[in-house]
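This note is for a colleague who has not worked with the model before. Please read the points below with the structure open.

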Amino acid sequence: MTTLGLIEPGALSPTADLITSPDGLRITGLDLSLTSTGVALPNGTTYRIKTRAKDGDRRLLVIRDSIRAALAEHRPHLAVVEDLPRHAKGAGIVAKVHGIVVCELLDAGVPYAYVVPATLKKYATDNGNADKRRMADAAYLAAGAEFPGDLNARGEGGDQCDAWWLRAAGHDAVGVPLFSMPQAQRDRLHKVDWPDCYRQRFVMGAAL
């Protein structure tokens, strides 16, 4: 019996049907957090995986099960994950989440790439220090995207917005952009170590 989210023995991985028609490309964005993980599905919808502090490390199981179910249903060809914060106080906590999510991606045969927060902000806004509000404004200007309830009154949160931008970055990097962007901002994605299966097909929007 196949475990939900994992590949059935002998089945093709999601990348085995890497499209000849790029319109079918399925990319997911993941902004990982122990308290509120942002997810952008390949169809463009976003949501948060909310957990309760009182549940302690069992919150990891909630995140794992949700990601596993999403991978099984949507079978993305690529996952774009926000990288661990550099020298951040909570990096060790976030690393726990990254560990279980990467295991799920590996089990499901989904290639993934890490994008550091500063690179994502420069791609979205041309400002590596952009705050959450500016990221949300940039998403609205780029594609009319809105994320109700994503930001609190203090402008904190933004998990769905970040996941949305991560998905958009993946599309841009493999030459299937979702909307127009200044080339200088697209060029920021050159710093990302994209999976080899995409490097063999695309070089930042130009087919090999």
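1. Helix α3 (residues 117-125) packs against α5 at an angle of about 80°, and their axes lie 10 Å apart. Axes here are lines fitted to C-alpha atoms, for helices over the stretch in contact, with angles running from 0 to 180 degrees between N-to-C directions. α3 and α5 are therefore roughly perpendicular to each other (65 to 115 degrees).

2. This is a predicted model, in which local features need pLDDT of at least 70 and side-chain atom pairs count only at pLDDT 80 or more, while totals for chains, interfaces and linings use all residues. Residues are numbered from 1 along each chain as its sequence is written, and side-chain values use heavy atoms, with hydrogens and water left out.

3. On the α3 side of the contact are L120, Y123 and A124, which meet D162, W165, L166, A168, A169 and D172 of α5 (contact: heavy atoms within 4.5 Å). By class, the residues of this α3 and α5 contact are 7 nonpolar, no polar and 2 charged.

4. Helix α5 (residues 159-173) also packs with helix α4 (residues 132-143): their axes come within 10 Å and cross at roughly 50°. That makes α4 oblique to α5 (the class left after under 35 degrees for roughly parallel, over 145 for roughly antiparallel and 65 to 115 for roughly perpendicular). From α4, K132, M135, A136, A138, A139, A142 and A143 meet C161, D162, W164 and W165 of α5. The residues of this contact divide into 9 nonpolar, no polar and 2 charged.

5. Where does the largest share of the lining of the second largest pocket come from? It comes from α4, with 4 residues. The lining consists of R133, A136, D137, Y140, A145, E146, F147, G149, D150, L151 and C161 (a pocket is an open set of points on a 1 Å grid over the protein atoms alone, with protein on both sides within 12 Å along at least five of seven lines; lining residues have an atom within 4 Å of a point). By class it has 6 nonpolar, 1 polar and 4 charged residues.

6. α1 gives the largest share, 4 residues. β1 (27-31) and α1 (59-74) each supply at least two residues. The lining divides into 8 nonpolar, 2 polar and no charged residues.

Technical notes: Ala, Val, Leu, Ile, Met, Phe, Trp, Tyr, Cys and Pro count as nonpolar, Asp, Glu, Lys and Arg as charged, and the others, Gly among them, as polar. On a 1 Å grid over the protein atoms alone, a cavity is a set of points where a 1.4 Å probe fits but cannot get out, and a pocket is an open set with protein on both sides within 12 Å along at least five of seven lines; lining residues have an atom within 4 Å of a point.
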